[in-house]
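Hi,

Here is the structure I promised to pass on. Have a look at it first, and then read my notes on its helices below.

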Amino acid sequence: MQRDLEVDLLRSFVSVAEHENFTRAAAAIGRTQSAVSLQIKRLEEIAGCRLFDRSRQSVKITQSGEILLVHAHRILAMNDVALAQLMQPEAAGLVRIGAPDDYATYLLPDVLEAFSNANPRIRFEVTCDNGVDLLKMQHQGQLDIVIATHPVDDLSGEVARYEPLHWVAGQVPYLDPVEPLSLVLFPQGCVCRHVALRALSGTGREWNIAYSTRSIGLMENALLKGSGVSVMERAIIPNSLTIVDGTNGLPPLGQVAICVHRSQKTAQAHVSLAADFILSRLQQGPVDLRTPRKLAS
């Protein structure tokens, strides 16, 4: 008997693999925890193997699950492109997108390229700024879609996925435990900056801001030249940088949420189509497979 992989089951599977938690995975895709659990059970029956190892404390993907995950990303991407072409074959117009510089550099290019291939008559205009300022612009009718970072305890918009935060530095970091910690961060209003400074305040360690910039490129360059450390989401850490979590007492940082905001003032079909596609692709997990180095223990 022919067994087929169902798209809805794969979408839930990818969400669980990304979040490593059934409750958070369910919230990200708008389902209940029990529904997602049943979907994973059904998918394991179809696949004929265990996809996750579950315990009270964690959910870890198995080797078989890792194999399926690669194909699941491709199947979901093709599904989204096919539906976009079928539902809006003549969709046309301009979509104004706001995103922080790091998201515009690392998360959006592949997503927008895939969407443009399916919808060649839809154009994009991307504005880079802090999430707080971008949301103000959206409220004023200047942007149609905003991709912003939020603390996990203060969510708004539609959650695309959760991202772990890491301390990062240049290739050969030297962090003097006595001297004030030199920081390279996005400007005031950045959620990652807020999380980093709040975490440091709990340690009593002194710090200073060496660089405050909206440019991920300038941040990378400053770190490579030994200007200190920064805090970045896992998906946007450049290959050139090194994860230095725990070095000389650097505190743990937890996670943040990447959320998609739709303007209520611009509800045209081509904007809704773009928002649905961006949300779906981001929910599927990392769109980039960069592998930043981890500091050797």
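A residue is called buried when its relative accessible area is under 20%, exposed when over 50%, and partly exposed in between (1.4 Å probe, protein chains only). This is a predicted model, where local features need pLDDT of at least 70, side-chain atom pairs count only at pLDDT 80 or more, and totals for chains, interfaces and linings use all residues. Residues are numbered from 1 along each chain as its sequence is written, and side-chain values use heavy atoms, without hydrogens and water.

Let's start with helix 6 (residues 108-118), where Leu108, Val111, Leu112, Ala114, Phe115 and Ala118 are buried. Looking down the axis of helix 6, these buried residues fall within an arc of 160° (taken from the directions from the axis to the C-beta atoms), so they line one face of the helix. Helices here are DSSP runs (H or I, at least four residues), numbered from the N terminus.

Now to helix 1 (residues 7-19) and helix 3 (residues 33-47): their axes come within 9 Å and cross at roughly 110°. The two are therefore roughly perpendicular (65 to 115 degrees) to each other. Contact here means heavy atoms within 4.5 Å. Asp8, Leu9, Leu10, Ser12, Phe13 and Val16 of helix 1 meet Val36, Gln39, Ile40, Arg42, Leu43 and Ile46 of helix 3.

Helix 1 also packs against helix 2 (residues 22-29), at an angle of about 130° and with the axes 8 Å apart. On the helix 1 side, the contact is made by Ser12, Ser15, Val16 and His19; on the helix 2 side, by Phe22, Arg24, Ala25, Ala28 and Ile29.

Best wishes

Definitions and conventions. Axes are lines fitted to C-alpha atoms, for helices over the stretch in contact, and angles run from 0 to 180 degrees between N-to-C directions. Helices (H or I, at least four residues) and strands (E, at least two) are DSSP runs, numbered from the N terminus. Angles under 35 degrees count as roughly parallel, over 145 as roughly antiparallel, 65 to 115 as roughly perpendicular and the rest as oblique.
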